[in-house]
Amino acid sequence: MTSRHPDLEAEQAYFDLAHACLDTARERATMATSVFRTGRGGTTQARFEREAMLEAALARLTRLDIGDRSLVFGRIDPVATGERFYIGRVGLWDADHDPIVVDWRAPVAEPFYRATGREPLGLERRRHFASRGSTLLGIEDEFFGDKAAIGLDIADRDVDGSADGAAVPADGSGDGPPVSGALIASLEEARTGRLKDVVATIQSEQDRVIRSELPGVLVVQGGPGTGKTVVALHRAAYLLYTHRFPLESQGVLVVGPNRLFLAYIEQVLPSLGEAGVEQAVLADLLSPAVRVAGLDDETVGRVKGDPRMAGVLRRAVRDRRRPLRRDLVVGFELQRLRITVEQSAGIVDDVSRRIRKHNAGRRLVEEAFFAALAASGRRAADPAEVREGLADVIEVREALEWMWPVLTPAHLVNDLYGSRALLRSAGAGRLDDDEIDLLHRPRPGHASEVTWSFQDVPVLDEARALLGYRPGHRDEDAVLTYGHIVVDEAQDLSPMELRMIARRSLNGSMSVVGDIAQATGSWAHEDWESVLEGLPDRRPPRRVELTLGYRIPAPAMELANRVLPHAAPGAVPPRTVRTVGDEPRVVSCGTAADQNGFDGPAVSLGETLAEVIAHERAEVGEGNVAVIVPDSLHEGLRTDLKDRSVVFGGPGRAGLEQQVTLVPVRLVKGLEVDAAVVVEPARIVAEECQGVRSLYVALTRATKRVTVVHAEPLPDVLAEPYAAA
């Protein structure tokens, strides 16, 4: 029987006070929004100030809406000061403006996350709280300095055993793997299909990343389970708190690899009170009129992502600036006006030298064009009058469109892909014949009819950067920039995609996270230097590595680490915090029944998989299960499992909302689940362009259980000692 913590009642009283302050703060914010909404009239300045105050009040109300999440999760006691600071999700004050709860991002809260036995940072005690709503369930203390030797055995346990607190001496072990009760409880929780914030259990090396300075590019390398994604999101929340001005007006952008990933992370920043951060895949940054769906073949994607495409597009734009093929003669009043081929060539050359963006040159071309026509008559005419009289003449419009067309990115790229002659001209000296064949496709009647691939997105964006906005469409065609950009899974981005992201950086401030060992795309990078080549270099980049793995139990990590040397030679696996866990299982269709807990004769892959899914659901209870499959088996297994009445969902904008999700291996990166069922690893290795790395990704998604299901022989990297008997 665990003894009752002597401070439980006193701390519960403080929790009641904190929640009362939260209610009061919400009432005040609600009242403020009502007052500012009902204001009317006044000067322009007064209306502007009222709108600014309303926006601030609404933002405060959003931050105070914490739902059922813990308000207070920790306390720090500095040495010999008698002060105590309660660390929580939002900052709160009482009626006398004394701090009741300190925002986790405030400087005074830093020791809560950073203090260790070797570096206590002025603390004598750190206290962790376990709570449900406003009810305190458990307390866990860590002591530093002289009090660390006391080693008190005091604790409180929730009635259902789900929370446990204890006094733990900070024994000077330094930065070893943290094993606090709060952390372990968080790691053992069932997954929900959505990434949660870890504000209560941020660890020391993670906090150093989160609180890193704003300017420049910060590269965060982290192996599976090190929390690099959630650290990057918490860093965005920290920067918005610390640099509210100017970041709130400049904007913060989070770029994810796919929409399934965005659905998975979408709740983290709102749960931290930062609902205004834009979260997007690269396709979302294009015009809404551009339809994007589907993926190109990897060989095609490799060409479209190549930095040579920037030069191809520059030449493609220049190729659309052409002199007339014959002199143009048009009637105006009682005379005939003429512009020669030579004059049109001179106009095109002159304007090309003067402008940076193609579409901006159209106005200059028109001015010179009508001036040349006006000067060609027997008596000089007013260019403005000539323009007014001839602008709608079909021959004049055709001539201007030939010389200098106003283009959208879709028009330019659609015309380029649809013409071998244009591709050969634009790609001269850059693309070979095979690459031109890969890019060429039949041209639809109009660019608006095209559905583009995700690999086309950076090509279209490069075209937009070269073309600039169309006359009269400045807002629609403008490229938004951001004060800080978070880029996840950056190790897979092509040079063209990196150029697209860099184009949206207002000042070069970025958090770039990923794992080179998990680089699996057609442009998988072998090191961070090649990634940094495509990003802003206004300041020297900073690099940090997360070394502790929190998500994956040691037995599952041992299986994945058999693959790691083949996926990324020389890579050092993270040290796992969770030293115990379920052993991985390998289920072969119809073999090794005793080893894997299944009886019966040889069965099909679908039947075996249905049995494994039922088994895993029973093992994880309310947790979720991801069935990770090679692309070639996705549709077949989808039909097979439906025929066997297996209830499951698929990946999409809604994320992992079903308890069981059937997901292609190329979409699973960055996700975490309770149990992962990896199907036919040999096919994953054979079919993916970075097959061994894709297998490594698949094996490192689960927080509790990993099962490998196969009918084909296992790949060599897994054949021993896990092969079925």
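## Overall picture

Among the chain's contacts between residues at least 6 apart in sequence, 74% join residues at least 24 apart, where contact means heavy atoms within 4.5 Å. The chain has 29 helices and 24 strands; these are DSSP runs numbered from the N terminus, with helices being H or I of at least four residues and strands E of at least two. Of its 725 residues, 53% are buried. Buried stands for under 20% relative accessible area, exposed for over 50%, and partly exposed for what lies in between, using a 1.4 Å probe and protein chains only.

A word on the model itself: it is predicted, so local features need pLDDT of at least 70 and side-chain atom pairs count only at pLDDT 80 or more, while totals for chains, interfaces and linings use all residues. Residues are numbered from 1 along each chain as its sequence is written, and side-chain values use heavy atoms, with hydrogens and water left out.

In soluble globular proteins, nonpolar side chains tend to be buried together. Here, the largest nonpolar core has 132 residues, and Ile87, Trp104, Ile628 and Leu699 have the most contacts inside it. Helix α6 (residues 228-242) supplies the largest share of this core, with 9 residues. A second, separate core of 25 residues includes Ile339, Ile347, Val365 and Val396. A core of this kind is a set of buried Ala, Val, Leu, Ile, Met, Phe, Trp, Tyr and Cys residues joined through side-chain atoms within 4.5 Å.

Not counting residues up to four places away in sequence, Leu699 touches Leu559, Ala560, Val563, Val678, Val706, Val708 and Leu718. Leu699 belongs to helix α28 (residues 691-699), where 8 of the 9 residues are buried, so the helix is largely enclosed by the rest of the structure. Among the buried residues of α28 are Arg693, Ser694 and Tyr696.

## Helices α25 and α26

The axes of helix α25 (residues 605-620) and helix α26 (residues 631-643) come within 10 Å and cross at roughly 70 degrees. Axes are lines fitted to C-alpha atoms, for helices over the stretch in contact, and angles run from 0 to 180 degrees between N-to-C directions. The two helices are therefore roughly perpendicular to each other; the classes are roughly parallel under 35 degrees, roughly antiparallel over 145, roughly perpendicular from 65 to 115, and oblique for the rest.

On the α25 side, Leu605, Gly606, Leu609, Ala610 and Ile613 meet Leu633, Leu637, Asp640 and Leu641 of α26. These contact residues divide into 7 nonpolar, 1 polar and 1 charged. In this scheme Ala, Val, Leu, Ile, Met, Phe, Trp, Tyr, Cys and Pro are nonpolar, Asp, Glu, Lys and Arg are charged, and the others, Gly among them, are polar.

## Helix α19 and its two partners

Helix α19 (residues 457-467) packs with helix α21 (residues 495-502) at an angle of about 50 degrees, their axes 9 Å apart. That makes α19 oblique to α21. Val457, Pro458, Val459, Asp461 and Glu462 of α19 meet Met496, Glu497, Arg499 and Met500 of α21, a contact with 5 nonpolar, no polar and 4 charged residues.

Helix α16 (residues 409-417) also packs with α19, at about 120 degrees and with axes 8 Å apart. The pair α16 and α19 is therefore oblique too. Pro409, Ala410, Leu412, Val413 and Tyr417 of α16 make the contact with Val459, Leu460, Ala463, Arg464 and Leu467 of α19. By class, this contact has 9 nonpolar, no polar and 1 charged residues.

## Links across the sequence

Leu416 sits in helix α16 and is buried, with a relative accessible area of 3%. Leaving out residues up to four places away, Leu416 touches Val312, Leu313, Ala316, Leu422, Leu423 and Ala426.

Pro471 lies in the loop between α19 and α20 (474-477). Beyond its neighbours within four places in sequence, Pro471 is in contact with Asn359 and Val406.

## Backbone points to check

Most residues other than glycine have a negative phi, and most peptide bonds are trans. Phe245 and Pro246 are joined by a cis peptide bond with omega of about 25 degrees, and Pro246 lies in helix α7 (residues 244-250).

Leu121, in the loop between α3 (110-114) and β5 (123-132), has a positive phi of about 55 degrees and is partly exposed at 43% relative accessibility. Ser645 has a positive phi of about 60 degrees; it lies in the loop between α26 and β22 (660-664) and is exposed, with a relative accessible area of 63%.
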